[in-house]
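Here is a brisk report on one chain. Please read it with the model open beside the text.

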Amino acid sequence: INAEYMGIGRLLQVGFGIAGGELITHNLEKTGKVNVMIPGTTVQAVFGFCDIRGFTEITEMLGKEVMPFVNEIASHVHDAAINSGGFPNKNIGDAWLLVWRLNTWDPDELSSLTPSILCEIIKSMEGIAVNEHLQASIKQYNLPAISLGWGLHIGWAIEGAIGSQCKVDPSYLSPHVNLSARLESATKQYGVPLLMSGDFAQHLPETLPCRRLDRIMPKGVKDPVDIYTLCNGTRAAFSTMIGGADIYGYAHSLRQPSSISSDHKSEERAGMYKWDVEVRMEPHEVAFEEGCQLYLNGEWAEARTILERCQSSSDPPPKVLLDYMSRTNYIAPLNWPGYRKLDEK
């Protein structure tokens, strides 16, 4: 009987997730049954949203085989969260919501957590790229290369059970959760695989630089948001650490995480990664930073000159800003607020 109870417990944890199991247990302790009408709990967390690009085409080409294909990708995405002290919360067909709860708003914990999240995301991307089952499906069905988009943000949310007596989903409600999804969607527009909010990026170590690409006002968001992506040197250093060889010429030492238990306590997670590599931005990235600041200041003629010098086919962000400024002949509107609105969700 005990074994059966344990099996049921494991099944519930798989169905509801780590946070969901705790929520349902707490719910049952209070009322003796699942009651979706009790208040939620305010939590602080990092929220990650990940999506498979071009999924409609993939589904049409794979048919019933799309299920194992997606789940193979999900195993890498879920591992990225679990290995860095977080957990997967929602599976939404071709997308996933991942959560890293914070017990305290401790700068030391955040400066350790943020690079660990990025490292595991890079690791998952590289794992997907060499996954034998996925590559076999791509070859067999003549699929496009697998491409994922990631959005990362940090803030508060209400954690609770959402639904009715018929169906319950433990999850998180917050504009901060929505913003992580908006950032993922914007990766397509900026031609990068990952976007971070300024609130997330500010907690990265100073020796781990990232590129500010723009300041935007996504649909449904009240305040403008600075958006960042990884610079080439940072991606290379992470990739080198994962591969175990210093093929990019960066000296580094990034200690692998220890085993993380399901309660994800900050004291267990703190110090799991120690970033002591100093990464320098490439010249074209430094030039883009200057051009981006001029663009934000409304000095569009000067911004154009610099951004045209540093654009290339392998680096889409300069062209994104140039295309936007070209709509008004590279002259900032008189009421230019220092950010652009994104109307797409």
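## Strand β6 and its partners

S197 stands opposite I227 in β8. These residues belong to β6 (residues 194-197) and β8 (residues 225-230), which pair in the antiparallel sense over two bridges. Two strands count as paired if DSSP finds at least two bridges between them. Helices (H or I, at least four residues) and strands (E, at least two) are DSSP runs, numbered from the N terminus.

β6 also pairs with β4. Here the strands run parallel, joined by three bridges. G151 has L195 in β6 as its bridge partner. Both faces of β6 are covered. L194 and M196 lie on one side, L195 and S197 on the other, and all are buried. Buried means under 20% relative accessible area, exposed over 50% and partly exposed in between (1.4 Å probe, protein chains only). In a regular strand the side chains alternate between the two faces of the sheet.

## Basis of the model

This is a predicted model, where local features need pLDDT of at least 70 and side-chain atom pairs count only at pLDDT 80 or more, while totals for chains, interfaces and linings use all residues. Residues are numbered from 1 along each chain as its sequence is written, and side-chain values use heavy atoms, with hydrogens and water left out.

## The chain overall

The chain holds 12 helices and nine strands. It has 345 residues, and 49% of them count as buried. Take the contacts with a separation of 6 or more: residues 24 or more positions apart account for 68% of them. Contact means heavy atoms within 4.5 Å.

## Strand β1

β1 spans residues 41-52. Nine of its 12 residues are buried, so β1 is largely enclosed by the rest of the structure.

Two strands pair with β1. β4 (residues 148-163) is antiparallel to β1, over 12 bridges. In that pairing G48 has L152 as its bridge partner. β3 (residues 95-102) also runs antiparallel to β1, with eight bridges. V46 stands opposite W100 in β3.

## Helices α3 and α4

Two packed helices are described by the angle between their axes and the distance between the axes. For α3 (residues 66-82) and α4 (residues 107-130), the axes come within 8 Å and cross at roughly 160°. Axes are lines fitted to C-alpha atoms, for helices over the stretch in contact, and angles run from 0 to 180 degrees between N-to-C directions. The two helices are therefore roughly antiparallel to each other. Angles under 35 degrees count as roughly parallel, over 145 as roughly antiparallel, 65 to 115 as roughly perpendicular and the rest as oblique.

From α3, the contact uses I73, H76, D79 and A80. They meet E120, I121, S124, G127 and I128 in α4. The residues of this contact divide into four nonpolar, three polar and two charged. Ala, Val, Leu, Ile, Met, Phe, Trp, Tyr, Cys and Pro count as nonpolar, Asp, Glu, Lys and Arg as charged, and the others, Gly among them, as polar.

## Individual residues

N142 sits in the loop between α5 (132-141) and β4. Its phi is near 55°, a positive value in a residue other than glycine. N142 counts as exposed, at 63% relative accessibility. Y330 lies in the loop between α12 (317-326) and β9 (340-342). Phi of Y330 is near 60°, again positive in a residue other than glycine. Y330 counts as buried, at 17% relative accessibility.

P283 belongs to α10 (residues 283-297). P283 is exposed, with a relative accessible area of 70%. Its C-alpha atom is separated by 8.6 Å from that of C310, 27 residues apart along the chain.
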